[in-house]
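Dear colleague,

I am passing on the structure below, together with some notes on what was found in it. Please read the notes with the sequence and the 3D view open beside you.

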Amino acid sequence: MALDTPNLDRINTPADLKNLDIGSLRLVADELRAETIDAVSVTGGHLGAGLGVVELTVAIHHVFDTPDDKLIWDVGHQCYPHKILTGRRDRIRTLRQGGGLSGFTKRSESEYDPFGAAHASTSISAALGFAVARDLEGRDEHIVAVIGDGSMSAGMAYEAMNNAGALKTRLVVILNDNDMSIAPPVGAMSHYLARLVSSRGYRNFRKVAKGVARAVGLEKTARKAEEYMLGWAVGGTLFEEMGFYYVGPIDGHDLDQLVPVLRNVRDFEKGPVLVHVVTKKGKGYAPAEAADDKYHGVSKFNVVTGEQAKSKAGPPSYTQVFANALIAEAKKDDRIVGITAAMPGGTGLDLFAERFPERCFDVGIAEQHAVTFAAGLAAAGMRPFAALYSTFLQRGYDSVVHDVAIQGLPVRFAIDRAGLVGADGATHAGSFDLGYLGQLPGFTIMAAADEAELVRMVATARLIDDGPSAFRYPRGNGLGLDLPDVAEPLEIGKGRIVREGNSVAILSLGTRLEESLKAADMLAAKGLTATVADARFAKPLDEELILRLAREHEVLITVEEGARGGFGAFVLHLLAERGAFDKGLKIRTLTLPDRFQDQDKPDAMYAEAGLDAPHIASAVFDALGREDEAAAALLA
């Protein structure tokens with residue numbers, strides 16, 4: 001049934017908000033909230049964050065002249081209402097679907113998205129770049145960054161604020177505080193003070209008062225008095241110290257407060273200003289307000305009851321298997337500690353924390369710190385497991401190189417969400433870890449073909465004390481295999497033959513092993529028997545196994561869930577060094593394509609990447625020079 005949204009229906013672009021009064025804006029906000037809830041109930045996605053900024057989104061687009069004024073969202077979880085207001089309402093029910101709207105801001109999608117996001121704490125840095133470019137070119141548009149309290153836990157946000165405060169360029173940062181207790185509760189006095197300190201009258205009085213204080217030699221005393229008054233009354237000391245003019249806190253759901261304050265800060269003549277708004281995640285939808293953690297990211301759900309669609313019962317996820325395996329190892333070894341960066345639930349370390357609370361550490365959105373923290377633990381004799389998504393480990397790469405690898409410290413990296421991740425698209429794909437870790441001397445790198453192998457790799461990593469190690473595994477459920485009661489560690493650098501064949505060899509790393517076996521079945525139906533091997537290790541390579549496959553087969557295909565420059569490249573280096581190509585070996589390395597893939601269902605993405613069974617089998621025919629009807633039939 002179509003929603004009744006007569007006020008929202010009249011909003012085609014933010015310009016349509018300009019001449020509305022507060023009462024009309026409030027009606028638009030109410031309908032925008034209903035539209036967001038209804039859309040996400042169909043697509044799934046990030047709900048709570050968007051509901052928390054509905055009024056803020058309306059107020060910003062009402063006060064500022066987007067897209068000429070630049071609005072930069074941090075992370076992008078909260079951008080669905082923004083998309084609805086900026087000409088994308090007709091496509092909002094394609095969110096996170098193949099060929100549909102991105103779940104984050106995306107430059108190629110709209111002129112109202114001046115900067116793409118998906119990782120945290122980037123907005124102030126990007127906004128400062130826009131502001132400095134404006135100043136250098138003599139323009140006068142406004143630059144607005146919206147950053148959440150969670151993102152403010154990352155050092156990058158403070159690096160950017162420090163730089164902005166020093167440059168004194170005109171910039172508006174809106175801190176969307178829906179969780180942190182960094183200021184007194186919002187109330188009448190806070191509202192009054194926020195309105196007061198953002199007003200032109202107060203700013204003019206402040207300027208005059210500073211001049212008087214300077215003239216009579218009391219400038220330092222007066223500055224301290226104002227600083228501590230602001231800090232005591234409205235929580236602004238930290239931001240004022242960093243060179244920002246602080247305004248707030250204000251109720252982020254009260255348009256009577258938001259609109260005049262945003263107008264005031266819009267008209268600031270110079271310098272950066274921080275507006276502190278307090279919001280409630282999931283605002284206006286009772287199930288989300290009652291359980292904002294469960295409604296941060298949701299599957300499809302019933303709007304009336306709030307009940308989320310349940311996936312079909314199946315095998316445990318790789319994440320859960322990892323968590324249980326780590327708990328089992330920690331029961332045997334009190335030196336094991338777990339580290340996560342604001343993703344305890346996503347990495348399974350919430351389960352570990354329930355069993356070993358004193359040995360589990362959530363460091364917040366701070367991957368660089370997480371890595372070096374783990375290095376310190378390792379140097380002190382502990383056995384740290386740093387559980388991070390592949391896409392987020394990228395943020396800590398410098399620390400991996402300098403603080404872990406160069407020192408040869410035995411940090412264990414549990415790399416979740418390796419490979420493609422579906423609806424979150426390119427920004428969250430775990431495409432590059434094989435390459436960027438594999439180039440580092442002294443690393444041991446494993447990739448689990450299934451959940452039973454993952455259990456063994458956790459046990460293996462525990463015992464690697466002579467250098468850093470990593471094991472990678474995908475998002476989603478395992479194959480339903482029986483898990484070992486006692487995890488037997490793997491022999492370092494040794495793969496396994498899964499199926500013996502003739503003339504053709506398929507060497508898989510990771511969970512493409514199942515597709516490799518299906519490809520072997522397809523080839524057998526065409527008269528070709530294939531050897532299928534599970535490499536297990538990207539580093540050190542099983543040189544004996546690889547050279548045997550090269551020696552005994554006409555064709556060798558490598559398969560991996562990673563970008564070019566990873567496992568396949570390592571194999572090519574080995575074969576080139578050993579002269580395998582001199583004997584006529586035909587080889588193909590199947591990797592993710594050399595481009596960023598947009599969101600879709602994972603199976604569709606892997607088919608597009610050429611990493612499903614028909615494409616693996618087709619690569620064999622290509623290597624053999626048989627680009628005939630047999631290969632075409634496999635891809636039909």
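Gly-150 has a relative accessibility of 31% and therefore counts as partly exposed, a class that lies between buried (under 20% relative accessible area) and exposed (over 50%), using a 1.4 Å probe and protein chains only. This glycine is found in the loop that runs between strand E3 (143–148) and helix H6 (155–167), where helices (H or I, at least four residues) and strands (E, at least two) are DSSP runs numbered from the N terminus. Ser-151 is placed in the loop between E3 and H6 as well, but Ser-151 counts as buried because its relative accessibility is 6%. Leaving out residues up to four places away in sequence, Ser-151 touches Asp-74, Val-75, Ala-120, Ser-121, Ala-157 and Ile-365, contact meaning heavy atoms within 4.5 Å. The UniProt record, an unreviewed entry, lists Gly-150 and Ser-151 under "binding site", along with others including His-77, His-119, Asn-178 and Glu-367; UniProt positions are given in the numbering used here, feature names are shortened, and annotations may be inferred rather than shown by experiment.

Before going further, please keep in mind that this is a predicted model, in which local features need pLDDT of at least 70 and side-chain atom pairs count only at pLDDT 80 or more, while totals for chains, interfaces and linings use all residues. Residues are numbered from 1 along each chain as its sequence is written, and side-chain values use heavy atoms, with hydrogens and water left out.

Turning to the aromatic residues, a search of the whole structure finds 13 aromatic pairs, where rings of Phe, Tyr and Trp (its six-membered ring) pair if their centres lie within 6.5 Å, and planes under 30 degrees apart count as stacked, over 60 as edge-to-face and the rest as tilted. One of the pairs is formed by Phe-239 and Tyr-246, which are stacked at 5.8 Å centre to centre with 5° between the planes, and both Phe-239 and Tyr-246 are buried. Phe-361 and Phe-373 are edge-to-face, because their planes stand at 90° with the ring centres 5.5 Å apart. This pair links distant parts of the chain, with Phe-361 in strand E9 (residues 360–362) and Phe-373 in helix H16 (residues 367–379), 12 residues apart. Phe-361 counts as partly exposed at 30% relative accessibility, and Phe-373 counts as partly exposed at 24%. Ring pairs also join Phe-322, Phe-385, Phe-471 and Tyr-473 into a cluster.

Next come the nonpolar cores, each a set of buried Ala, Val, Leu, Ile, Met, Phe, Trp, Tyr and Cys residues joined through side-chain atoms within 4.5 Å. The largest has 51 residues, and those with the most contacts inside it are Phe-413, Leu-437, Leu-507 and Leu-575. Helix H16 gives the most to this core, with 6 residues. A second, separate core of 50 residues includes Val-53, Tyr-80, Val-265 and Ala-288.

Finally, helix H25 (residues 613–623) is mostly covered, with 9 of its 11 residues buried; among these buried residues are Pro-614, Ile-616 and Phe-621. Just after H25, Gly-625 takes a positive phi of about 75°.

With best regards
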